[in-house]
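Trainee: Let's check the labels on this model. For each one I want the value, the cut-off and the conclusion.

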Amino acid sequence: MMKKKQFRRSTSVFRHFCRGGYAVFSSLHREVRIGVLTVGMLASVNIPKVQALQVSTTPESDEETDEKELAEVSVAGSMSPLTALQSARIVGVITRQQIESSAAHSVNDLLKSAVGIDVRQRGGFGIQTDISINGGTFDQITLLLNGVNISSPHTGHLAADFPVTLADIERIEILEGAASRVYGASAFGGAINIVTKDPPPTPPVKEGRGWCADSIKRKIISLDAGLQGGSYATFGGDARFSVHSAPSLIERTGGKYGGSFSAQYLRSDGATINSAFSRGNAYLRGYYDHPEFALDCQAGYSQKSYGANTFYSAAYPNQYERNTRFVFSAGAETKGRVRVRPEIYWHRLYDHFELICGTTTGENFHRTDVHGVRVTADLRWTLGRTAIGAEIREEGIYSTSLGRLMSVEGRHKVPHEDLYYTRHDSRTNFSFNVEHNILLPRFTASFGLLANQNTRFDNHLRFYPGIDLAVTPTPHWRIFASYNKGFRLPTFTDLYYKSPTHEGNQGMRAEESHSLQVGTTISFSPTPVPSREGGGWSGSFGLKAFYHRGHNLIDWVMYSADDVFHSANFELDNLGVSAEVNLHFKPFNLKLAYAFIHQNRRDDQPIYKSNYAMEYLRHKLVARLDHKIWSHLTASWNFRWQDRMGSYIRYEDAQSTGELVEYRPYATLDLKVLWTDRHYELWAEATNLFNHRYYDLGNIPQPGIVVLGGARVRF
């Protein structure tokens with residue numbers, strides 16, 4: 001096992017990381033102080049001292065405190081909860097500090113700053129977004145909420161409707177490359193895990209009288225709320241309430257309990273034609289942490305209605321859509337050398353789509369249900385850590401257009417409509433995982449296997465292996481290499497969708513890939529770290545390369561100029577490289593990152609136009625500058641430049657011109673100014689300062705400059 005080391009730093013406090021897929025809230029009882037971890041390489045924290053590198057608007061303490069060993073910090077990437085020092089995968093992290101200082105309105109907006117992620121917006125404010133990793137498509141990633149898979153088998157277009165507010169989120173973990181042996185189907189190109197806030201550290205009992213003193217003795221209550229408004233009659237608000245047990249109750253019961261509840265509403269007239277929207281969500285989380293076991297649960301609700309101007313076809317500019325989503329999960333975990341975690345989950349998505357708003361032409365109703373049971377066991381022993389797991393996941397859809405035709409007797413009524421779902425399909429996925437991790441002071445090896453069976457195909461088991469290696473030549477330098485095989489089942493949209501412009505294919509095969517990754521991270525601090533007196537700087541550098549060999553990749557394509565889009569399988573490879581530099585000085589932090597991707601088709605089927613898989617980002621450059629202006633006032637600048645391959649058919653007045661137009665490179669610059677005090681904050685932001693007209697998807701113009709402002713209070 002690794003030799004324990006002591007780490008020291010000056011000021012910044014960063015709460016612990018809990019494990020994604022294995023133990024959702026396994027570290028609720030811990031707090032870990034570490035430095036800022038940027039979107040780049042989480043593994044770069046493997047240094048003798050973890051530096052305090054974030055811009056602070058509050059006075060720094062001169063007193064140094066002992067750090068808990070980095071073995072307390074768990075990251076995603078394996079079944080066992082490995083730490084940042086042990087993990088053999090490179091995991092990117094968007095931190096809480098970056099979330100607060102960014103000019104983002106949604107998780108989708110936040111992900112734009114990650115250089116390996118492609119965020120293609122159909123509407124502003126993150127209303128409808130496709131998210132992909134390393135040149136893949138929006139259906140090829142697994143989306144997790146506190147480690148629970150909430151991906152939708154209906155379509156990836158709607159998968160990123162997270163029921164949490166930005167105030168709920170502690171961090172976002174980004175795992176690039178195939179991860180099927182850990183997360184199963186749909187983790188074809190990677191995974192994104194949204195981790196919500198942990199409870200605050202429990203303060204000591206203080207003497208006093210009155211309600212406030214009594215609440216401290218009995219329980220900890222906190223409340224924060226915010227309002228915002230600005231361009232295009234945009235207005236909204238959110239609030240978050242949390243309660244946690246105090247020391248007196250912990251002593252009596254032997255365990256800690258608590259929970260949080262949040263809600264949000266936002267509306268806007270929209271920044272383009274037919275893009276007005278309203279959305280709301282609510283999220284509840286609870287836990288009980290005993291020395292011998294832990295319990296946790298979460299429930300979420302989201303709803304949005306929006307004008308979908310040319311979203312799915314430029315021939316119909318007056319589209320409209322409504323989505324409602326429910327999410328629930330509950331789990332338990334034993335403690336000790338052997339940890340067993342059973343978990344159940346369920347989520348439901350209602351989708352109402354109008355091809356022509358206010359009419360029944362092309363109108364569709366869908367109800368998608370996913371529920372499952374997963375059990376994982378983790379054993380710590382002399383030769384490392386071994387984990388085994390099993391999962392049963394049932395996916396089904398009731399629809400007016402997707403699935404097989406149902407008998408009249410078996411049809412279900414569409415809620416609030418005088419209609420019935422006429423079609424249905426379902427499939428059951430059985431997964432069995434095994435993994436072993438060898439942990440040495442300068443070397444980590446993680447290898448495992450997923451055995452999978454799906455009722456849609458046959459009764460045969462399919463195997464998906466993987467191995468990850470990490471070497472630490474020096475305390476400041478780490479080298480990674482990995483191979484993983486991934487797969488993805490076709491969505492119900494891929495199989496059945498049919499419209500005047502699209503035609504699905506029930507004969508679609510599952511996607512498979514062989515994913516190779518290599519990378520290195522280096523941290524450096526040539527001069528002393530920034531102190532209260534000033535001076536000093538530090539930084540980190542990361543370099544990654546990947547090669548994904550794809551088999552039966554799914555795309556929607558046209559074979560000729562007068563054709564409709566067909567879902568089809570192709571042989572397609574993606575390879576690329578990315579680099580990132582982070583520099584931390586006393587007055588500011590600077591991040592620069594660049595990614596390059598090249599694609600290669602291995603089949604000779606002629607294609608007139610690809611709609612998704614072959615419209616990838618060839619180049620992406622991101623830059624971020626955080627700096628202090630004066631006193632409690634800080635500024636954050638975010639620059640993004642990208643060049644997309646592929647083309648789109650230009651439409652004029654909802655009529656095709658037959659002309660293919662190549663995507664053009666574009667740049668955006670966002671600015672957020674933030675005044676932070678102990679109990680409140682004031683902010684103003686402007687996105688797309690250049691007021692640049694650009695397209696993420698053909699014929700769907702993106703908003704120009706948008707100016708918003710707001711306030712937040714904390715109690």
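Mentor: Bear in mind that this is a predicted model. Start with accessibility: a residue is buried under 20% relative accessible area, exposed over 50%, and partly exposed in between.

Trainee: Why is V340 called partly exposed?

Mentor: V340 has a relative accessible area of 30%. That value falls between the 20% and 50% cut-offs, so the label is partly exposed. V340 sits in strand β16.

Trainee: Which surface patch includes V340?

Mentor: A nonpolar one, made of F328, V338, V340, I344, W346, V373, V375, L379, W381 and L383. Together they have about 780 Å² of accessible area. Two elements give two or more residues to the patch: β16 (338–354) and β17 (364–381).

Trainee: What makes P665 buried, partly exposed or exposed?

Mentor: Its relative accessible area of 41%. P665 lies in the loop between β35 (655–662) and β36 (666–676).

Trainee: Which residues does P665 touch, leaving out those up to four places away in sequence?

Mentor: W641, Q642 and D643. For L617 we have a C-alpha distance: 9.8 Å from P665, across 48 residues along the chain.

Trainee: Now salt bridges. How do you know that R120 and E615 form one?

Mentor: The cut-off from a Lys or Arg side-chain nitrogen to an Asp or Glu carboxyl oxygen is 4 Å. R120 and E615 have N to O at 2.9 Å. That is within 4 Å, so the pair counts as a salt bridge.

Trainee: Why say that this pair ties parts of the chain together?

Mentor: Look at where the partners lie. R120 is in strand β4 (residues 117–121), and E615 is in the loop between β31 (609–610) and β32 (617–630). The parts are 495 residues apart in sequence, so the bridge links them across that separation.

Trainee: Are R120 and E615 buried or exposed?

Mentor: R120 has 5% relative accessibility, which is under 20%, so R120 counts as buried. E615 has 3%, so E615 is buried too.

Trainee: What makes D494 and R488 a salt bridge?

Mentor: Their closest N and O atoms are 3.1 Å apart. That is within the 4 Å cut-off, so the label holds. D494 is buried at 2% relative accessible area. R488 is buried at 2% as well.

Trainee: What is the N to O distance for R624 and D626?

Mentor: It is 2.9 Å, and their side chains meet in a salt bridge. Both R624 and D626 are buried. Elsewhere, salt bridges with shared partners join R89, R181, E435 and D468 into one network.

Trainee: How many salt bridges does the rule give?

Mentor: The count comes to 38.

Trainee: On to the sheet. What is the strand order in the open sheet of five strands?

Mentor: β3-β8-β9-β6-β7, with mixed pairing.

Trainee: Why are β3 and β7 called edges?

Mentor: β3 (91–94) and β7 (148–149) each have a single partner strand, so one side of each is left without a neighbour in the sheet.

Trainee: How do you know that β8 and β9 pair?

Mentor: Pairing needs at least two bridges, and β8 (residues 169–176) and β9 (residues 190–196) share seven, so they pair. They run antiparallel.

Trainee: Which members of the largest nonpolar core touch the most other members?

Mentor: L111, I117, I172, I192 and I194, out of 27 residues. β8 gives the largest share, three residues.

Trainee: What is I172 in contact with, leaving aside neighbours within four places in sequence?

Mentor: G92, V93, I94, V107, L110, L111, I192, N193 and I194. Apart from this core lies another of 16 residues, among them F138, F353, L355 and L402.

Trainee: And over the whole chain, how many residues are there and what share is buried?

Mentor: There are 715 residues, and 58% count as buried. The secondary structure comes to six helices and 38 strands. The chain exposes about 28100 Å², with carbon and sulfur atoms supplying 60% of that.

Definitions and conventions:
Residues are numbered from 1 along each chain as its sequence is written. This is a predicted model: local features need pLDDT of at least 70, side-chain atom pairs count only at pLDDT 80 or more; totals for chains, interfaces and linings use all residues. Side-chain values use heavy atoms; hydrogens and water are left out. Helices (H or I, at least four residues) and strands (E, at least two) are DSSP runs, numbered from the N terminus. Buried means under 20% relative accessible area, exposed over 50%, partly exposed in between (1.4 Å probe, protein chains only). Accessible areas come from the Shrake-Rupley method with a 1.4 Å probe; for residues, only the protein chains shown count as cover. Patches are made of residues with over 30% relative accessible area and no salt bridge: like charges are joined within 9 Å, nonpolar side chains (Val, Leu, Ile, Met, Phe, Trp, Tyr) within 5 Å. Contact means heavy atoms within 4.5 Å. A nonpolar core is a set of buried Ala, Val, Leu, Ile, Met, Phe, Trp, Tyr and Cys residues joined through side-chain atoms within 4.5 Å.
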